[in-house]
Amino acid sequence: MVFKPSDYFQPTTPEEVCELLSKYGKHARIVAGGTAIYELAKRGLADEVKEIISLRKIPLRYVRRDEEGLHVGSATTLADLMAAEQTRNDPSMLVLMEALHEIRPMQVRAVATVGGEICTSLPLLDLPTALLAVDTEVVIQGPTGRRTILLEEFLVDFFLNTLGKGEFMIEALIPTQPAHCGAAFMKFGRTAYDFNLVNAGVRLALDAKRVCMDPRIFLGGVGRVPFRAASSENELRGSEIDGQSISRAVEALGQFKALPQIHGDAEYKRDLAKVLLRDCIKRASERSLVVSSQ
Amino acid sequence: MNDIVLLRVNGKRYDLKLGPYALLSDVIRDDLGLKGTKRGCDFGGCGACTVLMDGHAIYACMMPARETEGHEITTIEGLEANGKLTGVQQSFIKNMGFQCGYCTPGIIISATALLRRNPHPTDDEIREALAGNLCRCTGYTSIFKSIKEAAEFGPP
């Protein structure tokens, strides 16, 4: 066994978690499904981790809906979220379902958690890109209370987010989406099983004249955090969605910076991103029209 | 730090003294002596260690054993009832869904998880369920066929 932390805590309240995190600082790690930490440990990237803090005994495994939106507890597994009744019959949630279906295999979906997908803060993951497209907020518990931050501001860099000392994630809050909203997620990976080379999450709302309001476009896998394609959003905002406006939005991506990987250099990723973005905008707009006509 | 951890595996209860990050695959093989669960890549890539936790297929190689307290674990040894193999197991034998056999316990567990939840999967759903299990010798045709025809041999 390569991973030998010295202690394993199973606290029962959020306050206890904060105390443990404050006490052990950078040597402590939260574990929920345990898939990310163990893979890092096997690669020799978790040597400083000495204290493991499990969330299993804290009731953070839930999906519930209220007037604010959809609350997803950080220890909710990906399989839980896929099966949650609260996401049914809501076309704006299709963006999440598409991302969850792309996370393979089922052995990982059964244990990996929504909090882990977010707090690992790795741009190769799929759920964050989808969550970003629907303006997800992250609710954080710290030693002095709770705070809420947009996921877009939460993610800072590879393996880096804005969690401070003693803080951990309580839940993701997906706000109720605008009326007539359509959203879609697409991914391109080398194999069905692999991390993404590029993924895309798009949300838009079309009015009766097919004019686009409030677009969100995020691309994962290209940068150190999922990249918000603001120039593409600007091309769509206030425009009628048709072949021409979609082409303008795709071209607006321009020569954006893309991190090369062994399976795809920057130019290849830029090409992929354009194709994914075109298809993803198209799919989201079709969904929006279906919703508008209901 | 070694604690007593209470596990339930194949319907039996075990009280084990385990270190902080004792992995379920190590405990199953080395402490319980159930060697049907295999070690392959040992970090969530090959599926040889797949077991059931409350009916869901999981990788035992990356699951801390103590996180399974309060859950029911089923290994390949726990599928048969009174010496009778399940429909999935019989189908693998009849269809020769294995060659060296190393990946077979994990694949049978994955197939069982699928078929218990979804007794009539589509071809794509079968392939999807196999995404987390690698086989290096038969290729997947006979494995796929074994799962596709499992229902003919009895419940999963």
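A residue is termed buried if 20 or more other C-beta atoms lie within 10 Å of its own, exposed if 12 or fewer do, and partly exposed in between, with C-beta atoms placed from the backbone. The face of helix α10(A) turned away from its buried side, for instance, carries the exposed residues A:Q244 and A:E251. The model is predicted: local features need pLDDT of at least 70, side-chain atom pairs count only at pLDDT 80 or more, and totals for chains, interfaces and linings use all residues. Residues are numbered from 1 along each chain as its sequence is written, while chains are lettered from A and ligands numbered from 1 in the order in which they are written. Helices (H or I, at least four residues) and strands (E, at least two) are DSSP runs, numbered from the N terminus.

**Domains of chain A**

- The domain assignment, automatic or from a database, divides chain A into domain 1 (7-54), domain 2 (63-175) and domain 3 (181-292).
- The centres of domain 1 and domain 2 of chain A, taken over C-alpha atoms, are separated by 19 Å.
- Twelve residues from domain 1 of chain A and 17 residues from domain 2 of chain A make the contact between them, where contact requires C-beta atoms, placed from the backbone, to lie within 7 Å.
- On the side of domain 1 of chain A that touches domain 2 of chain A, α1 (14-24) and α2 of chain A each supply at least two residues; the largest share, five residues, comes from α1(A).
- By class, that side of domain 1 of chain A has seven nonpolar, five polar and no charged residues; Ala, Val, Leu, Ile, Met, Phe, Trp, Tyr, Cys and Pro count as nonpolar, Asp, Glu, Lys and Arg as charged, and the others, Gly among them, as polar.

**Parallel sheet of chain A**

- Three strands form an open sheet in the order β1-β3-β2 (chain A), and their pairing is parallel; strands pair if DSSP finds at least two bridges between them.
- β1 and β2 (28-31) of chain A are the edge strands, each with a single partner strand, so one side of each has no neighbour in the sheet.
- From one strand to the next, the twist averages 25 degrees; axes are lines fitted to C-alpha atoms, for helices over the stretch in contact, and angles run from 0 to 180 degrees between N-to-C directions.
- Four bridges join β2(A) and β3(A) in the parallel sense, and A:A28 has A:E51 in β3(A) as its bridge partner.
- Helix α1(A) packs on this sheet and touches β1, β2 and β3 of chain A; its direction makes about 165 degrees with that of β3(A).

**Antiparallel sheet of chain A**

- An open sheet of four strands has the order β11-β12-β13-β14 (chain A), with antiparallel pairing.
- Its edge strands, each pairing on one side only, are β11 (181-189) and β14 (227-228) of chain A.
- Seven bridges link β12 (residues 196-206) and β13 (residues 212-220) of chain A in the antiparallel sense; A:A205 has A:M213 in β13(A) as its bridge partner.
- Helix α4 (residues 94-101) of chain A packs on the sheet, touching β11 and β12 of chain A, and its direction makes about 15 degrees with that of β11(A).

**Helix α10 of chain A**

- A:I246, A:A249 and A:V250 are buried in helix α10 (residues 243-251) of chain A.
- Down the axis of α10(A), the buried residues fall within an arc of 100 degrees, so they line one face of the helix; the arc is that of the directions from the helix axis to the C-beta atoms.

**Backbone features of chain A**

- The peptide bond from A:R104 to A:P105 is cis, with omega near 0 degrees, and A:P105 lies in the loop between α4 and α5 of chain A.
- A:D135, in the loop between α7 (127-133) and β6 (137-142) of chain A, has a positive phi near 60 degrees although it is not glycine.
- A:R210, in the loop between β12 and β13 of chain A, likewise is a residue other than glycine with a positive phi, near 65 degrees.
- A:D135 is partly exposed, with 19 other C-beta atoms within 10 Å; A:R210 is partly exposed, with 15.

**Contact between chains A and B**

- 25 residues of chain A are in contact with 21 residues of chain B.
- The largest share of the side of chain A that touches chain B, four residues, comes from α2(A).
- The residues of that side of chain A divide into 14 nonpolar, five polar and six charged.

Terms used:
Contact = placed C-beta atoms within 7 Å.
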